[in-house]
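Hi,

Here is the structure I said I'd pass on. Have a look at it first, and then read on for what turned up.

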Amino acid sequence: MSRVCVVGSLNMDVSYRVARLPMPGETVLALDRERDFGGKGGNQAIAVAVLGGEVGFVGAVGADEAGQDYLDHLRRHGVDTSGVTQAAAVATGTAMVFVDDAGENLIVVDPGANSSVRPDAVSHAIRACSPSVVLAQLEIPIDALEAIVEAIPDATTFILNPAPMPPDPNALAKVLPRVDILVPNRTELGQLSGLNEPDTITDVAACLTALRFEGPVVVTLGADGAAVFERGELRQFPAVHVEPIDTTGAGDAFCGALAAGLAAGLSVDDSVREAVKVAGRSTTLRGAQLTAESVEGPAGEALS
């Protein structure tokens, strides 16, 4: 399979299971606690690897135990970590994740070493591996994303998952013109378009029209699946029915599956169709990262 390069974040997650998410000013007791690997970049890279893709990672961890643990974790899954630097002055990024009995989550991230990802390291890594697909998010500095634009080959497909959105969407002005496929969720789509967060598919279409993005926009819609907007046409892809346990990382599983499908030569629509299945099945197990167990069966057949 053709190579995917993921440029992004690596966090150690501490997840707390709660009966319900706390309201502002409220304290709730945790039912249990787990430490696991996360970060949008790491989640997406592991998804590509679990689905059988050849994937390399560009990012940073701290020169600490957590950073070494994460490097070992990536390597065990076959991810090329030659593009990952270990920053001596800062700790590996961390995230506090709260998941309720309905599978909904609340997340707070301390970027740590992710803030030290350097533009020159990104440029060097992309030029070294000449990937067919580059997948990036927004948990690393904007200038590191801009370095992708400078280094990426013309024939390479650049997928941007604009999460989390910066306070000023204009910060992406240098990046968006080179992006081939944009993958926002409802909230990010509203922020990018300058409109309210869309509730209905009609609202989604209005936001996509206002966005005026030239390439395909793939909107993740949670329990409603996904939609693809391309050349004025909106195509919907319904979600598979599952009983969710933990929705943390479902969007990342979607993005990783999308990148794996495109790298394997699937069309955008076929890649989205499979990504919806993979994202749905990812919610049936706890944790932010895709596992072989979560893609067994119909969800993984086309990409395994």
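**Cavities and the pocket**

The structure holds three cavities of 30 Å³ or more. Before you read much into that, note that this is a predicted model.

The largest cavity contains about 100 Å³ of space. Its lining is made up of Ser15, Tyr16, Arg17, Asp32, Glu34, Asp36, Val99, Asp246, Arg286 and Gly287. If you sort the residues of that lining by class, you get six charged, two polar and two nonpolar. Two strands, β2 and β3 (30-38), each put at least two residues into the lining of this cavity.

Then there is the largest pocket, with a volume of about 1300 Å³. It has 47 lining residues, and those closest to the pocket centre are Asn105, Asn185, Thr247, Ala250 and Gly251.

Which elements each supply at least two residues of the lining of the largest pocket? They are the strands β2 (11-18), β6 (93-99) and β7 (105-110), plus the helices α1 (40-50), α5, α7 (250-263) and α8 (268-282). Helix α7 gives the most, with five residues.

**Helix packing**

The axes of α1 and α7 come within 8 Å and cross at roughly 45 degrees. That makes α1 oblique to α7, and the crossing is right-handed. On the α1 side the residues are Lys40, Asn43, Gln44, Ala47 and Val48, and they meet Asp252, Ala253, Cys255, Gly256, Ala259 and Ala260 in α7. By class, this contact of α1 with α7 has six nonpolar, three polar and two charged residues.

Helix α7 also packs on α8: here the axes come within 8 Å and cross at roughly 145 degrees. The crossing of α7 and α8 is right-handed. From α7, the contact uses Ala250, Ala253, Phe254, Ala257, Leu258, Gly261 and Leu262, while α8 brings Val268, Ser271, Val272, Ala275, Val276, Val278, Ala279 and Ser282. The contact of α7 with α8 comes out as 12 nonpolar and three polar residues, with no charged ones.

The crossing of α5 and α6 is left-handed. Arg186, Leu189, Gly190, Leu192 and Ser193 make the contact from α5, and Val204, Cys207, Leu208, Ala210 and Leu211 make it from α6. In class terms, the contact of α5 with α6 has seven nonpolar residues, two polar and one charged.

**Backbone spots to check**

Where is the cis peptide bond? It joins Ala163 and Pro164, with omega at about -10 degrees. Pro164 is in the loop between β9 (157-160) and β10 (181-182).

There are also positive phi values in residues other than glycine. Ser130 has phi near 45 degrees and is placed in the loop between α3 (119-129) and β8 (133-136). Arg212, which is not a glycine either, has a positive phi of about 60 degrees. Arg212 is in the loop between α6 and β11 (217-220).

That's the lot from my side.

Cheers

Terms used: Residues are numbered from 1 along each chain as its sequence is written. This is a predicted model: local features need pLDDT of at least 70, side-chain atom pairs count only at pLDDT 80 or more; totals for chains, interfaces and linings use all residues. Side-chain values use heavy atoms; hydrogens and water are left out. A crossing is left-handed if the near helix is turned anticlockwise from the far one by less than a right angle, and right-handed if clockwise. Helices (H or I, at least four residues) and strands (E, at least two) are DSSP runs, numbered from the N terminus. Contact means heavy atoms within 4.5 Å. Ala, Val, Leu, Ile, Met, Phe, Trp, Tyr, Cys and Pro count as nonpolar, Asp, Glu, Lys and Arg as charged, and the others, Gly among them, as polar. On a 1 Å grid over the protein atoms alone, a cavity is a set of points where a 1.4 Å probe fits but cannot get out, and a pocket is an open set with protein on both sides within 12 Å along at least five of seven lines; lining residues have an atom within 4 Å of a point. Grid points are joined across faces, edges and corners, and a volume is the space filled by probe spheres set on the points. Axes are lines fitted to C-alpha atoms, for helices over the stretch in contact, and angles run from 0 to 180 degrees between N-to-C directions. Angles under 35 degrees count as roughly parallel, over 145 as roughly antiparallel, 65 to 115 as roughly perpendicular and the rest as oblique.
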